[in-house]
Amino acid sequence: MNQAYIVAAARTAGGKKGGKLSGWHPADLAAQVLDALVARSGADPEMIDDVIMGCVMQVGEQAMNVARNAVLASKLPQSVPGTSIDRQCGSSQQALHFAAQAVMSGTSDVVIAAGVETMTRVPLGLSASLAQKSGFGHYMSPAMQARYPGVQFSQFSGAEMMVDKFGLNKDALDRYALGSHQRAAAATREGAFAAEIVPVAIRLADGSCSEQLHDADEGIRPDASLEGIAAVKLLAEGGRITAATASQICDGASGLMVVSERGLKMLGAKPMARIHHLSLLGHDPVIMLEAPIPATLRALDKAGMSIDDIDLFEVNEAFAPVPLAWLQVTGADPARLNASGGAIALGHPLGASGTKLMTTLVHALRRTGKRYGLQTMCEGGGMANVTIVERL
């Protein structure tokens, strides 16, 4: 079987809700990343076989196949096709899997896997709520309701279930959140993100623009304190999750160029990493957020590896109990997990987070000289993708 290689990896810096990226149309923002990947790889744009793009809220400005729209907004020729993927928060990680499978099968040689979500302009839940309010029904079918009677699938209640199931307490969640901000602030100070970020012009929601470039993640709080985090209001009465221990609403785009061995020769490029393993797993849709744990264990078994064989981990910080429970069960070294911070500090731009995390992981492996990295994330519906890469 052919190998799949990553030859370029880039992302925008995260933008806060109503912040420095809020004036960008999603297709135009994603186009900035597509153009950057072509420039960084040195690829002839005509060589690109497909653009596969994750996006969760495919409505409004993100409707009508945002991947193709991003191609048409970019410098790529109109001969390059595009398709949009929704595997909830794992959408662009799935885009990476589809891109890798395309080149491994021999049907493609150069594919871009990417993701975009502008949560300021297309809010969380809009694709379901807008249709329901307009009289076009609800996504839960009668058969689903019969199988899960009385259940309202919710990531927020799932997060509280995770806290209960794994015996976590609010102090542990708060301390984890503080660590995310501290690691992200340190990584920014040390220039750890410089090679992966595509600087883009600042555009605000009111239409104003600036000649300044947005090149640093906007949600990081370098002055965060445990006392401040602990004082944030609970999301639900009697719960333990707060906005401070959940991922930040974020605007952003990210992407990877994935090629076959033939594609490497065509480009004359040196690979950054090789896809070593990819798999996914469905799990309990009610607790919803637990899937990365069995998915990781299964992936390691299928790859013939142990947890100690992995040098760096990216486990999406949708909520603090997710990485904490993952650490508890896997026994991974906490120092290897989200070493440059995670979504609690850096933001979680839904459909863009998969290739965003992989961009950070690949660059971190190269910067530190480490060999193997593993990425996983919880996804709506109780699913998880797992990707293991080897630095080359």
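A: A residue is called buried under 20% relative accessible area, exposed over 50%, and partly exposed in between, with a 1.4 Å probe and protein chains only. The model is predicted, so to be read with its limits: local features need pLDDT of at least 70 and side-chain atom pairs count only at pLDDT 80 or more, while totals for chains, interfaces and linings use all residues. Numbering runs from 1 along each chain as its sequence is written, and side-chain values use heavy atoms, with hydrogens and water left out.

Just after α6, Gly167 adopts a positive phi of about 65°.

The side chain of Glu160 forms a salt bridge with that of Arg240, at 3.3 Å from N to O (a salt bridge places a side-chain nitrogen of Lys or Arg within 4 Å of a carboxyl oxygen of Asp or Glu). Because Glu160 belongs to α6 and Arg240 to the loop between α8 (226-230) and β7 (251-259), this pair ties together parts that are 80 residues apart in sequence. Arg240 counts as partly exposed, at 22% relative accessibility.

Asp174 pairs with Lys170, and their closest N and O atoms are 2.8 Å apart. Both residues lie in α7, separated by 4 residues, or about one turn of the helix. Asp174 is buried, at 3% relative accessibility, whereas Lys170 is partly exposed, with a relative accessible area of 21%.

The axes of α7 and α11 cross at roughly 100° and come within 10 Å (axes are lines fitted to C-alpha atoms, for helices over the stretch in contact, and angles between N-to-C directions run from 0 to 180 degrees). Ala172, Leu173 and Tyr176 of α7 meet Pro321, Pro323 and Leu324 of α11 (a contact means heavy atoms within 4.5 Å). Of the residues in this contact, 6 are nonpolar, with no polar and no charged residues (Ala, Val, Leu, Ile, Met, Phe, Trp, Tyr, Cys and Pro count as nonpolar, Asp, Glu, Lys and Arg as charged, and the others, Gly among them, as polar).

Helix α3 (residues 91-105) packs with α13 at an angle of about 70°, and their axes are 5 Å apart. Ser92, Gln93 and Leu96 of α3 make this contact with Ser353, Gly354, Thr355 and Met358 of α13. Here the residues divide into 2 nonpolar, 5 polar and no charged.

Further along α13, which spans residues 353-368, lies Thr360. Thr360 is buried, with 8% relative accessibility. Leaving aside residues up to four places away in sequence, Thr360 touches Arg11, Phe193, Glu196 and Glu314. Two of these neighbours, Arg11 and Glu196, are linked with Asp217 in a network of salt bridges.

The structure holds 13 salt bridges. One of them joins Asp109 to Arg262, with the closest N and O atoms 2.4 Å apart. Asp109 sits in the loop between α3 and β4 (110-118) and Arg262 in helix α9 (residues 261-267), so this pair ties together parts that are 153 residues apart in sequence. Asp109 is buried, with a relative accessible area of 14%, whereas Arg262 is exposed, at 54%.

The account ends at a strand. Ala273 lies in strand β8, which covers residues 273-282, and is buried, with a relative accessible area of 1%. Residues up to four places away in sequence not being counted, Ala273 touches Ala4, Tyr5, Ile6, Val362, Val389, Glu390, Arg391 and Leu392. Ala273 and Thr245, by contrast, are 28 residues apart in sequence and 32 Å apart in space, from C-alpha to C-alpha.

Notes. Helix = DSSP H or I, 4+ residues; strand = E, 2+ residues; numbered from the N terminus.
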